[in-house]
Amino acid sequence: MLKLISITSFVAVTALAVGVSFAPVANSAEKGVYGSQAGVQVAAVADTVKARIKLMKSTSKTFKKIRKLAKKAKVGPKGAAQAVAIHAAGKKFLGMFPKGTGSDMMKNRAKPEIWSDWAKFESKAKAFTKATAKMVQVTQAGDGGAIKAAVKAVRAGCKGCHKPFRGPKPKKK
């Protein structure tokens with residue numbers, strides 16, 4: 001037996017099914033964004049921030065592995081593949097920080113200085129990518145002496161962005 005529902009109920013149920021919100025979202029009224037547009041905007045911010053955090057954590061995990069191998073000055077094919085992965089991630093970093101994805105929109109550690117001093121942030125990100133390219137080069141060549149220096153330069157590149165542009169870890173309750 002078919003149940004008749006009002007068009008309003010149908011639209012509301014359909015909107016929920018596809019993940020669209022029709023209620024004003026926090027901070028969206030000030031920006032003139034309401035209804036489904038606000039829901040989509042907040043969802044896009046959340047997706048971007050989650051992807052950014054995932055990429056950073058994955059890069060950190062991979063870098064820790066290559067640092068262990070570099071201490072032995074023999075990274076081999078496994079270390080070379082890890083270096084390539086870190087370099088590929090580094091080339092994505094700038095695109096992972098579009099305007100509107102700061103901690104004012106969603107809880108994350110990205111400081112507002114990223115966007116207020118974009119030129120400096122961009123410079124640091126490019127320096128990191130240049131260091132990772134060198135790390136790829138020396139790991140693929142198997143140059144044991146240069147590997148340690150390359151890994152050290154990449155670590156400095158990480159710190160070059162994290163110190164000025166990443167906020168502190170949230171305190172655990």
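1. Basis of the note. The structure is a predicted model, in which local features need pLDDT of at least 70 and side-chain atom pairs count only at pLDDT 80 or more, while totals for chains, interfaces and linings use all residues. Residues are numbered from 1 along each chain as its sequence is written, and side-chain values use heavy atoms, with hydrogens and water left out.

2. Fold. The protein has six helices and zero strands, and its elements run α-α-α-α-α-α from the N terminus on. Helices here are DSSP runs of H or I with at least four residues, strands are runs of E with at least two, and both are numbered from the N terminus.

3. Burial and surface. Of the 173 residues, 32% count as buried. Buried means under 20% relative accessible area, exposed means over 50%, and partly exposed is in between, with a 1.4 Å probe and protein chains only. The accessible surface comes to about 11500 Å², and 61% of it belongs to carbon and sulfur atoms. Accessible areas come from the Shrake-Rupley method with a 1.4 Å probe; for residues, only the protein chains shown count as cover.

4. Contacts along the chain. Among contacts with a separation of 6 or more, 69% are between residues 24 or more positions apart. A contact means heavy atoms within 4.5 Å.

5. Aromatic pairs. A search of the whole structure gives five aromatic pairs. Rings of Phe, Tyr and Trp (its six-membered ring) pair if their centres lie within 6.5 Å; planes under 30 degrees apart are stacked, over 60 edge-to-face, and the rest tilted. One of the pairs is Phe97 with Trp115, which is tilted, at 6.4 Å centre to centre and 50 degrees between the planes. Phe97 lies in the loop between helix 3 (76–92) and helix 4 (113–116) and Trp115 lies in helix 4, so this pair ties together parts 18 residues apart in sequence. Phe97 is buried, at 7% relative accessible area.

6. A pair within helix 5. Trp118 and Phe121 also form a tilted pair, with 5.3 Å between centres and 45 degrees between planes. Both residues lie in helix 5 (residues 118–141), three residues apart, about one turn of the helix. Trp118 is partly exposed, with a relative accessible area of 29%, whereas Phe121 is buried at 4%. Ring pairs link Phe97, Trp115, Trp118, Phe121 and Phe165 into a cluster.

7. Arg52. This residue is found in helix 2 (residues 35–71). Arg52 is buried yet has no salt bridge, and the nearest side chain of opposite charge, Asp104, is 8.5 Å away. For charge, Lys and Arg count as positive and Asp and Glu as negative, with His and the chain ends not counted. What does the side chain of Arg52 reach? The side chain reaches the backbone oxygen of Met96 at 2.9 Å. Not counting residues up to four places away in sequence, Arg52 touches Met96, Phe97, Thr101, Asn108, Ala110 and Trp115. Two of these residues, Phe97 and Trp115, belong to the ring cluster.

8. The salt bridge. The count comes to one salt bridge, defined as a side-chain nitrogen of Lys or Arg within 4 Å of a carboxyl oxygen of Asp or Glu. Lys126 forms it with Glu122, and the closest N and O atoms are 3.7 Å apart. Because they are four residues apart in helix 5, Lys126 and Glu122 are separated by about one helical turn. Glu122 is partly exposed, at 27% relative accessibility.

9. Gln82. This residue lies in helix 3 and is buried, with a relative accessible area of 11%. Leaving aside neighbours within four places in sequence, Gln82 is in contact with Thr62, Lys65, Ile66 and Leu69.

10. Ile147. Ile147 is in helix 6 and is buried at 1% relative accessible area. Its contacts, leaving aside neighbours within four places in sequence, are Ala70, Ala73, Val75, Val138, Thr139 and Gly142. The C-alpha atoms of Ile147 and Lys71 are separated by 8.8 Å, although the two residues are 76 residues apart along the chain.

11. Lys169. Lys169 is in the segment after helix 6 (144–165) and counts as exposed, at 65% relative accessibility. Its C-alpha atom is 7.2 Å from that of Arg109, a residue 60 residues apart from Lys169 along the chain.

Technical notes:
Polar contact = N/O pair within 3.5 Å; in protein donor to acceptor, adjacent residues only side chain to side chain.
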